[in-house]
Amino acid sequence: GQAHTPKEVVVSVGAKHCLFNLALALYNEGDEILIPAPYWVSYPEHANLVGAKPVIIDTKASEGFKLSPAALSAAITKKTKALVLCSPSNPTGAAYTGEELAALADVLRKHNFWIITDEIYGQLVYGNFVQKSLLEVAPDLRDRLIVVDGVSKTYAMTGWRIGWMLAPAHVAEACDTVQGQATTNPTAAAQYAAIAALTGPTEPITAMREAF
């Protein structure tokens with residue numbers, strides 16, 4: 001539900017590449033990066049590689065492995081630089097409702113740090129669950145909220161390695177600078193394949209989701 005200009009978009013070699021670019025562009029030595037657990041293995045390692053400190057916030061099975069507003073608030077310090085939130089989650093599958101995201105947003109509004117949302121599994125939801133993005137629920141946080149996504153999961157295109165971020169223009173520019181000295185850009189053939197996936201028929205997505 002949000003429009004982004006090309007200056008606010010970076011296309012990378014997979015969503016993981018986007019997350020690594022963000023770590024290089026945003027994290028400094030000694031910064032604290034909030035990561036709810038269970039977590040995808042690369043989140044803390046990206047922080048470690050640049051000298052930042054992963055701060056792991058445990059969640060409970062009895063609460064659906066979801067980060068609570070109280071646990072988020074308790075983990076925030078003056079050194080907090082970013083929150084990395086994955087919904088639906090890898091590895092638990094936990095997905096936050098719009099109401100749960102709004103409650104987290106109430107905490108986030110009281111502080112000033114980056115919010116990185118990994119939404120790579122956003123279309124692989126089941127039953128009557130309605131997927132919401134934090135950006136959709138709390139558009140007022142847009143100036144410090146980065147959405148990461150890609151074609152790997154929804155379109156079963158893991159090997160094509162196309163991901164993207166939607167970010168404030170100055171963050172996108174910084175990540176473009178990082179990427180320009182690393183990979184330059186994803187291969188053009190893979191980009192065209194991603195365009196075909198994004199603009200093509202959706203019946204294969206539905207069939208795969210039903211099979212899963």
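The expected span of a helix is 1.5 Å times one less than its number of residues. Helix α1 fits that rule: its 12 residues should span 16 Å, and its end C-alpha atoms are 16 Å apart, which agrees. Helices (H or I, at least four residues) and strands (E, at least two) are DSSP runs, numbered from the N terminus.

This is a predicted model, where local features need pLDDT of at least 70 and side-chain atom pairs count only at pLDDT 80 or more, while totals for chains, interfaces and linings use all residues. Residues are numbered from 1 along each chain as its sequence is written, and side-chain values use heavy atoms, with hydrogens and water left out.

**The cores**

- A nonpolar core is a set of buried Ala, Val, Leu, Ile, Met, Phe, Trp, Tyr and Cys residues joined through side-chain atoms within 4.5 Å.
- Buried means under 20% relative accessible area, exposed means over 50%, and partly exposed is in between (1.4 Å probe, protein chains only).
- The largest nonpolar core has 27 residues, and Leu22, Tyr27, Ile116, Ile146, Val148 and Met165 have the most contacts inside it.
- Helix α1 gives the most to this core, with six residues.
- Apart from it lies another core of 23 residues, including Leu34 and Ile57.

**Helix α2**

- Ser42, Tyr43, Pro44, His46 and Ala47 are the buried residues of α2.
- Those buried residues pack against α1, β2, β3 (53-58), β4 and β5, with contact meaning heavy atoms within 4.5 Å.
- Just after α2, glycine 51 takes a positive phi of about 85°.

**Charged pairs**

- A salt bridge here is a side-chain nitrogen of Lys or Arg within 4 Å of a carboxyl oxygen of Asp or Glu, and by this rule the count comes to six.
- Aspartate 31 and lysine 81 meet in one of them (3.0 Å, N to O). Aspartate 31 sits in the loop between α1 and β2 and lysine 81 in strand β4, so the pair ties together parts that are 50 residues apart in sequence.
- Both aspartate 31 and lysine 81 are buried.
- Aspartate 140 and arginine 109 also pair up (2.7 Å, N to O), and salt bridges that share partners join Asp106, Arg109 and Asp140 into one network.

**A charge without a partner**

- Glutamate 32, in strand β2, is buried yet has no salt bridge.
- Lysine 53 has the nearest side chain of opposite charge, 4.5 Å away; Lys and Arg count as positive and Asp and Glu as negative, while His and the chain ends are not counted.
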